[in-house]
Structures are given as structure tokens and as C-alpha cells.
Amino acid sequence: MESKLIDPFGRVHDYLRISVTDRCNLRCVYCMPEEGMQFEPTERILSYEEITSIVQALAPLGIRKLRLTGGEPLVRKGLDQLVAMLSAIPGIEDIALTTNGIFLAAHAEMLKAAGLTRVNISLDSLKPERFARITRGGKVHRVLEGIKASQKAGFKPIKLNVVLMKGVNDDEVEDFLRMTLEAPIDIRFIEYMPIGDSGTGWKSSYLPLEHVLKTCGTKWNYESCGDVYGNGPADSYRIVGAAGTFGLIHPVSSHFCGSCNRLRLTADGNIKPCLYWSDEYNVRPLVGDDKAVQDLFYKALGSKPETHDMVKALKGQEINGTPTLRHMSQIGG
Ligand code: SAM
Ligand code: SF4
């Protein structure tokens, strides 16, 4: 289906990232503070029926791909019911989940049966103590069990999101790359983004992703994979002969705004045309009136900036908008 969601820069939008909750069972250092997070009261969070109604209004405009994120989507009860409701909408071809994986082992099969097509699991360290430090209490063996359960349930490939941090997990690149040798696992190394109050940690821990290619090159031969379906903004590579791939997502150093095809819906019902800007449009009061929902999405698209200007903002240079004050857990990543 041809997309009608085209912004002033000619970018076609067929992808909606839906945050189903701002709550989380973890407190990753780059995402939220250890204490003092104010979560939305339940009544301010979109119900599954409301989310489904919004997607029903958008599918005829060309939205085909959805990603459920958060916060941690699996802290919300009955996520498989939402997946089933969304997968029944004509035009929706792909429903992915981004999860920290802690509760995945118990849910992978149900989610697959409900119509989930892909799963991304965040995993920044394979070392139990380090993982616990980064996530402030997470147990890495639960994530590894979640990965196994997802493989068993038939998700293929499994994508692992690794936020690369200088002096924190940059010595594990080789271990992560090794995971791609035998299994169809795609590792996606992500640059640390200065969003929410991650700013202070960002300054000391940001590391450009060239480090990954350098590390890989000392050990293996690798080749570019070109465009891989579902890899979005990742530059993809494969160690020669490996079953899986690895990708680099550099939103900071070389942004991919020119090919941005995504819109975001926050858990409290705000459309976010850009991850970085503060602009939001509250669609919740309009749910049920498809024409009004569509019109607000058009309005949001009309205000989408050409680029996020993250680097300019970091350098203190003038930019045309205001960076968001929300934490990544409230935006959905
Ligand atoms: N809780 C789920 C999870 O962790 O996968 C989904 C939500 S989380 C906000 C989505 C993604 O954003 C995760 O892969 C996480 O690592 C990433 N993320 C959060 N804060 C980030 C930051 N400051 N820079 C880069 N990636 C970040
Ligand atoms: Fe929770 Fe995901 Fe943020 Fe970690 S990155 S605190 S798991 S929402």
C-alpha cells in the first residue's frame, strides 16, 4: 500500500513505535535515574483498545510496521492480547517488540502465537555483575533464558541491542560478535544518546562505533550486508561465514534522519514526530474519531524537523527546536 504519511521533506512514514508503558522493572544507567522517577498513573496510559483504534486509523494511511516498546512492555499485563488485536488489523504486516528480556522466557511462545513477528532484546553485558550494575539490579541469566525461549518459539533472527559505553562494556565487543558466528543472532551496537538526564553519563561514556569495526577487523574478516530487512537505520555487516550479522546504529555521530520513516506514540497518548525534539501532539481525546486522529498525525508530520540536530545542541550551537526533557523510557527508544 502506498503511504500517505509523507512529511515536508518527502520522507515516507510506514512505521509506528508504540510505547505501551513508561514503567520498567530495571533502571538502566543511560535511561533513567535510580530513584525518583515519576510514572504516569494508570488512567493516563492508553488502553489496548485505544492503541488498537489509533492503529486502525493509521493503517489505511500506510502504517505497516509496528514496534511495541516502553518502559518495559512486558511489565504490562496481557501484552499478547494487544499483539493479537494489532495483528488482526488489515495492512499491518510486521509487529516487533523491544524488551529487556527479563520476563521474556515466560511470554515468548504466547507472543509468537499472538502474531508477534520479531523481537529485539537489550543486552549490554554478558557478565553478571556488570549487567547488574548497568541495569541496577538485573539478572543476566534471565535475559539469556529469554533469548533461548525466543529462539525456541521460532523468532528468527533475534536482535540484541547493545548500547556501547566507553570504559563500561567496550571490552565485550568481541564476545558479542562471537555470538553471531553460530546462531542467527543480529547484534546491534547503538551509540549512547544524550537524552533525558543521561547527559552526565553520556559525556564520560560516549564511544563512536568505529570501535566495533576496529575490534572485529583484528580478529575476523567481515563484509557489508547492504540493506537488511528490518534493520532500519543500522549499517549491517557479517563476519565471513557467520550465521548472524552485526549492525551499527549511530544516531549521534552520523544521524540517519534523511531516511527516517518512523513516528512515535507515547504511553500517555502523545504523537512524537522526532525522538529528540520536545514537540508532542496529544491524540488521546480524539480516539474513536479516525478522521481527527489522522488529521493530528498529519499535523505532527508537518512539524517534523529535517534532522534532530543532537550534535549541534551538544556543542551549544543554535538549533531550531527544543530538546525533549523526557527520559528514554518515556519515549520508547
Ligand atoms: N525496556 C525495553 C528495553 O530496554 O529494550 C524497551 C525500551 S528501551 C527505552 C529501548 C531501547 O533504548 C533499549 O535498547 C535501550 O538500550 C535503548 N536506550 C535507552 N536509553 C538510551 C540512550 N541514552 N542511548 C542509547 N540507547 C538507549
Ligand atoms: Fe528499562 Fe529499557 Fe530503560 Fe533499561 S533501557 S531502564 S530496561 S526502559
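These notebook entries record what I looked up in this structure.

**Entry 1: Ground rules**

I note that this is a predicted model, in which local features need pLDDT of at least 70, side-chain atom pairs count only at pLDDT 80 or more, and totals for chains, interfaces and linings use all residues. Residues are numbered from 1 along each chain as its sequence is written, chains are lettered from A and ligands numbered from 1 in the order in which they are written, and side-chain values use heavy atoms, with hydrogens and water left out.

**Entry 2: Overall form**

I began with the whole chain. The protein has 11 helices and 12 strands; these are DSSP runs numbered from the N terminus, helices being H or I of at least four residues and strands E of at least two. The C-alpha trace spans about 55 × 50 × 40 Å along its principal axes. I then compared the radius of gyration, taken over C-alpha atoms, with the globule rule of 2.2 Å times the number of residues to the power 0.38. For 333 residues a compact globule would come near 20 Å, and the 19 Å of the protein agrees.

I looked up burial next, where buried means under 20% relative accessible area, exposed over 50%, and partly exposed in between, with a 1.4 Å probe and protein chains only. Of the 333 residues, 56% count as buried. Contact means heavy atoms within 4.5 Å. Among contacts with a separation of 6 or more, 72% come from residues 24 or more positions apart.

**Entry 3: The sheet**

I traced an open sheet of 12 strands with mixed pairing, in the order β7-β8-β9-β6-β5-β4-β3-β2-β1-β10-β11-β12. Its edges are β7 (222-226) and β12 (281-282), each with a single partner strand, so one side of each has no neighbour in the sheet. Two strands pair if DSSP finds at least two bridges between them.

**Entry 4: Strand β2**

I found β1 (residues 15-19) and β2 (residues 65-69) running parallel, joined by 5 bridges. One bridge pairs Leu16 with Leu66 of β2. Because 5 of the 5 residues of β2 are buried, the strand is largely enclosed by the rest of the structure. In a regular strand the side chains alternate between the two faces of the sheet. In β2, Lys65, Arg67 and Thr69 lie on one side and Leu66 and Leu68 on the other, and all are buried.

**Entry 5: Strand β9**

I turned to β9 (residues 245-249), where 5 of the 5 residues are buried. Thr245, Gly247 and Ile249 cover one face, with Phe246 and Leu248 on the other. Strand β6 (residues 185-191) runs parallel to β9 with 5 bridges, and Phe189 stands opposite Leu248. Strand β8 (residues 235-239) is antiparallel to β9 with 3 bridges; Ser236 has Gly247 as its bridge partner. In the hairpin of β8 and β9, with 5 residues between the strands, Gly241 takes a positive phi near 90°.

**Entry 6: Single residues**

I checked three further positions. The peptide bond from Lys156 to Pro157 is cis, with omega near -5°, and Pro157 lies in the loop between α5 (140-153) and β5 (158-164). Arg136 is not a glycine, yet has a positive phi of about 55°; Arg136 sits in the loop between α4 (128-135) and α5 and counts as partly exposed at 30% relative accessibility. Trp202, in helix α7 (residues 199-205), counts as buried at 13% relative accessibility.
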